[in-house]
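Let's take a walk through a protein structure together.

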Amino acid sequence: RPFGDAASLNKVKSADEAGNLKHSVLSLNIERGNFEHSYSGIGVKIASACEWAMDSDWMYREPISDSSSLGDFKWERRCPRVTWDKTTYNKFSTFVASRENPPFMNITLMNPEPMNLWTGDRWKPSGIQKMKDGEVPNENDQNVGWDSKKNHLVHPNVEFVRIQWRKTGVGEWINAWDIDWSSWEDITDADGKLLEKTFGNFFNKYPFDGKESSRRKQMQELFKLDIDDADSQCATSRGAGCTLKWNLARQYFLSGLNDGSYEVRAKVFCSGYDSFATSEVRGSVTDEPLTLTVDLTPPEPISTHTLGRTFSISHTEPVRCPQLQPKSMAYKVTRVKDCDGNDVKNGEVTDEHVYSYFSFICMTDSPYSLVVKFPRDEKITPDGAYDITVNANAHAGSAAKITDDGGNAIETRVFRVTIGDDCKVSRETSAKVSETKASELGLTYGQAKTNLSGASSKMGIRSLGARLGFADDQTIVLRSSSIARVLLATVSVTACLVFVATRRLFARFDGSRVVGNENKESEEKATLFGGKQPPPHSTREFAYGSVI
């Protein structure tokens with residue numbers, strides 16, 4: 001009922017059926033209004049209903065009544081809510097971070113409650129700090145353009161609005177960092193002119209031009225700057241929102257050691273509550289977290305399979321095929337042998353032919369295969385052994401390549417496949433990139449170095465091929481199981497030879513011992529009667545000692 005209004009108790013019976021006085025218990029419920037969270041001087045009065053009705057006109061005295069003070073009433077103020085703005089949720093609800101993408105997440109937070117505003121909507125950081133220190137802020141601490149009519153809508157104890165992250169479903173929540181640009185010391189441009197300490201000026205001075213050296217320089221300078229736990233309060237939480245340009249590289253996500261899936265949330269921290277406060281009074285979080293996946297590792301091939309005129313390569317993670325471009329194909333197909341095992345000269349299939357007749361499909365579900373479908377018409381693509389080069393356009397930096405979800409391109413590799421069920425060519429499929437192929441494809445220094453590290457073993461294989469009568473341009477395929485059997489046989493033979501040599505050595509010493517047995521009895525008698533003394537060590541003991 002409205003404040004101060006009388007409630008009639010006429011319907012409450014004061015006596016039972018026998019006429020005895022009946023004691024009644026009434027329950028009083030006090031509810032909070034829309035704006036205030038505390039009321040003082042609350043009391044209750046009980047009065048005679050008939051005298052209360054005559055009070056204004058007939059009564060010369062106060063109505064018969066009794067009153068009692070109930071004291072002050074206070075409700076804990078619920079902490080304001082927080083949510084992602086539409087652009088942030090659409091872009092980062094499932095976001096993949098890699099070195100191919102900018103290392104930033106531009107996150108914007110908003111307050112969806114118009115009747116419960118953040119402290120930062122009214123007060124500048126100086127005013128919020130004064131309130132934390134127990135001081136009363138003044139008008140100079142208010143944000144420019146603040147409407148004093150909204151004072152009662154501002155929550156006085158919003159401490160922080162944090163963006164937090166953790167491994168998906170595991171561990172404690174960690175605060176996102178904000179870079180303190182005021183700690184930037186080297187603030188002169190190329191002409192010696194002083195620069196303002198801002199985000200834009202920093203990255204203009206240390207830009208990333210696509211080269212690894214520039215990226216390293218940028219990271220070196222970035223890690224010299226101080227960091228703080230980001231507080232995303234601002235004066236426009238009910239308008240444009242409060243934005244944090246979160247640098248993932250500075251938070252060590254892109255170090256190469258933190259690949260995996262993470263969840264990101266925003267949380268409002270409030271203070272000023274008692275120990276019995278509920279969770280909605282202590283703070284609030286976003287209804288749904290963002291999903292951040294860090295992926296710096298390119299997919300690796302793990303197996304191949306051939307079925308008819310279809311060849312597939314399985315990978316460690318999902319792969320994505322690029323849009324085919326005849327002038328810069330991601331694939332190169334070369335026919336190297338016919339079905340009789342004869343070498344094919346000038347067997348490279350043109351890019352236009354590959355673009356027109358071949359099909360390439362990338363699977364995003366396990367086993368994450370790259371499927372290559374050869375044309376069904378054998379006249380167009382005859383049977384035989386083919387070398388398929390994946391990401392053959394690695395030397396073209398801007399060309400479309402086969403990548404994972406993070407944009408990490410697959411390493412350039414050559415796969416050999418035999419097409420045709422009646423071919424005499426070995427159906428062994430090889431996944432190798434020789435140093436000659438590396439130079440032709442323009443591979444990076446690290447890739448060429450890896451290939452060259454096996455040059456000595458390849459030279460040994462070539463010399464072995466020459467002794468066996470193979471030509472220099474023929475490929476020698478050694479199975480890992482065959483190599484293991486050869487090594488095991490070598491170890492076994494060596495062990496047998498050592499065993500035989502040792503037995504012969506012991507036998508020689510044992511022979512000398514047998515020859516001396518016929519004089520053993522006489523030597524023992526001499527020893528007992530003070531004659532010839534035995535030698536300090538027997539021949540057999542000396543033999544064992546020599547072996548050891």
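This is a predicted model: local features need pLDDT of at least 70, side-chain atom pairs count only at pLDDT 80 or more; totals for chains, interfaces and linings use all residues.

Which residue of β10 stands opposite Ile107? If you look across from Ile107, you will find Leu244. These two strands belong to an open sheet of 3 strands, and the order is β3-β5-β10, with antiparallel pairing. The edges of this sheet are β3 and β10 (242-247), each of which pairs on one side only.

Now let's turn to the disulfides. How many disulfides does a search of the whole structure find? The search finds 4 disulfides. If you count the bonded cysteines along the chain, the links follow the pattern 1-4, 2-3, 5-7, 6-8.

Take the link between Cys79 and Cys270, where the sulfur atoms lie 1.9 Å apart. The pair ties together distant parts of the chain: Cys79 is in the loop between β2 (65-74) and β3 (83-84), while Cys270 is in strand β11 (residues 260-270), 191 residues apart. The link of Cys79 and Cys270 is right-handed, with 75 degrees about the S-S bond. Are its two ends buried or exposed? Cys79 has 1% relative accessibility, so Cys79 counts as buried. Cys270 counts as buried as well, because its relative accessibility is 6%.

Another disulfide joins Cys234 to Cys242, with an S to S distance of 1.8 Å. What is the handedness of the disulfide of Cys234 and Cys242? The torsion about its S-S bond is about -85 degrees, so this disulfide is left-handed. Cys234 is buried, with a relative accessible area of 18%, and Cys242 counts as buried at 3% relative accessibility.

Next, find Cys321 and Cys362, which are joined by a disulfide with 1.9 Å from S to S. This pair also links distant parts of the chain: Cys321 sits in the loop between β15 (310-315) and β16 (331-337), and Cys362 sits in strand β17 (residues 359-362), 41 residues apart. The torsion about the S-S bond of Cys321 and Cys362 is about 90 degrees, so the disulfide is right-handed. What about the surroundings of its two ends? Buried means under 20% relative accessible area, exposed means over 50%, and partly exposed is in between. Cys362 is at 18% relative accessibility, so Cys362 counts as buried. Cys321, however, is at 29% and therefore counts as partly exposed.

Let's move on to Asn175, which you will find in strand β7 (residues 174-175). Which residues does Asn175 touch, not counting residues up to four places away in sequence? Its contacts are Arg162, Ile163, Gln164, Trp165, Asp229 and Gln251.

Finally, let's visit the surface. Leu9, Val12, Leu26 and Ile46 form a nonpolar patch there, and together they have about 350 Å² of accessible area. One of them, Leu26, lies in the segment before β1 (38-47). Why does Leu26 count as exposed? Leu26 counts as exposed because its relative accessibility is 54%, and the cut-off for exposed is over 50%.

How values were computed: Residues are numbered from 1 along each chain as its sequence is written. Side-chain values use heavy atoms; hydrogens and water are left out. Patches are made of residues with over 30% relative accessible area and no salt bridge: like charges are joined within 9 Å, nonpolar side chains (Val, Leu, Ile, Met, Phe, Trp, Tyr) within 5 Å. Accessible areas come from the Shrake-Rupley method with a 1.4 Å probe; for residues, only the protein chains shown count as cover. A salt bridge is a side-chain nitrogen of Lys or Arg within 4 Å of a carboxyl oxygen of Asp or Glu. Helices (H or I, at least four residues) and strands (E, at least two) are DSSP runs, numbered from the N terminus. Buried means under 20% relative accessible area, exposed over 50%, partly exposed in between (1.4 Å probe, protein chains only). A disulfide is a pair of cysteine sulfur atoms within 2.5 Å. Two strands pair if DSSP finds at least two bridges between them. Contact means heavy atoms within 4.5 Å.
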